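Please open the model in your viewer and keep the selection panel at hand.

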Amino acid sequence: MLQIGNRDLAKYPFLAETGEYLRDKGFKIEQLDHPDWKPIMEKAYGRIIVATTGQIYGSDLKKFENLDTEILSFVIAIILLKSAGMNTLIKRFSLAEARRAEKFLQQDLHYGKDDTKLALPLKIIHDLFSVKVKIDGDNFVISIPDYLRRAIHFHEKEWKLVNRKVEGGFVFLTSHETVRLIRRELDGYINSKIQSLNTPSIPSSFKERVTDLVILAKKFSESTTVSTDYPPCIKHAIEVLERGENLPHSGRFMLATYLMAKGQTVDQIAPLFKNAPDYNERITRYQLEHIAGSSGKGTKYSCPSCDKLKSENLCFEIPECNGIINPIQFGKKRTSNA
Ligand code: SF4
């Protein structure tokens, strides 16, 4: 039977084994008012703050002094989030934790070929997402149905089945691609775990941080205006960013120019990019200001045409697009009998 230790749980604290491990070690979540919990609570709060900035918390285990504290900080972070009751923060936290776990899964798959590390990531992928991954030389292979069910959400050419190596009903992947394929499910799994947990009532020493989280969450929901009237290309770009996936430069340009044409400011648009894997606040703002014409030569850029977006694989046309030539026109042009 696979032994899961505190090192594994520090990487994957959302596993069911975490509760059992902490109970065996004598940690009692019911006694949160003990002063010993205060530093862990502050660590947990910091973990949430890191997640809200789009960064990945503690992806280098060598820097941790105490692995048990790291595991506990995840558990306490959930308690703080549930006590604050702000879904926007829970969403950001679960996505950040999914991306963190993704890094460890990829490392473990990569190094695992030489040692026993391989068993745990394969078990996680199988137990949590019902995907059986097999090893073939340097590759990871999964069945075509398992691949297609997930790859359907990706629009880049490299994910099309015709562009993959396929043999005997199996698709060949790198460790990065294997893990990338389950990112959405990992995020969903962590999110549902958080949502379903019954958390204890918190002591007064935690309340100040819970209030801080409520204030922080309000800032997020005020800063970004996402309309249901956006065309599908724009909705798709926002969804990609919300999932923490990479939106190509052309997609970011389309999104920024569209929102600016709709009257949104750099301050309103910038938070949309916070979950991007390569997010850098300074560079994002610089690029947005450049597109808005408030820096550089002062040229204000326009939203690309539908034809251009089609050629860049950014178009997800629906009947309501109705022959428009630019996403800006979406919702304005109607059929004559409408
Ligand atoms: S047709 Fe135009 S507006 Fe509609 S999804 Fe494609 S690019 Fe966007």
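How many nonpolar, polar and charged residues does the shell around the ligand have? The shell has 11 nonpolar residues, no polar residue and 1 charged residue, where Ala, Val, Leu, Ile, Met, Phe, Trp, Tyr, Cys and Pro count as nonpolar, Asp, Glu, Lys and Arg as charged, and the others, Gly among them, as polar.

Before selecting further, note that this is a predicted model, in which local features need pLDDT of at least 70, side-chain atom pairs count only at pLDDT 80 or more, and totals for chains, interfaces and linings use all residues. Residues are numbered from 1 along each chain as its sequence is written.

**Ligand shell.** Select Pro-231, Pro-232, Cys-233, Cys-306, Leu-309, Cys-315, Phe-316, Glu-317, Cys-321, Ile-324, Pro-327 and Phe-330, which surround the ligand (a residue is near a molecule if its C-beta atom, placed from the backbone, lies within 6 Å of it). Helix H11 (232–242) and helix H15 (306–311) each give two or more residues to this shell; helices are DSSP runs of H or I with at least four residues, and strands are E runs with at least two, numbered from the N terminus.

**Domains.** Next, colour domain 1 (6–106 + 201–215) and domain 2 (232–329) separately; the bounds come from an automatic or database domain assignment. Their C-alpha centres lie 33 Å apart. The contact between them takes 4 residues from domain 1 and 6 residues from domain 2, contact being C-beta atoms, placed from the backbone, within 7 Å.

**Cores.** Now select Ile-48, Ala-77, Leu-80, Leu-81 and Leu-89, which touch the most other members of the largest nonpolar core, a set of 58 residues. Such a core joins buried Ala, Val, Leu, Ile, Met, Phe, Trp, Tyr and Cys residues through C-beta atoms within 7 Å. A second, separate core of 23 residues includes Ala-237, Ala-292, Cys-303 and Leu-309; Leu-309 also belongs to the ligand shell.

**Strands.** Finally, centre on Phe-140 in strand E2 (residues 139–143). Phe-140 counts as buried because it has 26 C-beta neighbours inside 10 Å (20 or more are required; 12 or fewer means exposed, and values in between partly exposed). Strand E1 (residues 134–136) pairs with E2 in the antiparallel sense over 3 bridges, pairing requiring at least two DSSP bridges. Phe-140 is the bridge partner of Ile-135. On the hairpin of E1 and E2, select Gly-137 in the turn, where phi is positive at about 60 degrees. Strand E4 (residues 170–173) runs antiparallel to E2, joined by 4 bridges, and there Val-171 is the bridge partner of Ile-142.

Terms used. Contact = placed C-beta atoms within 7 Å.
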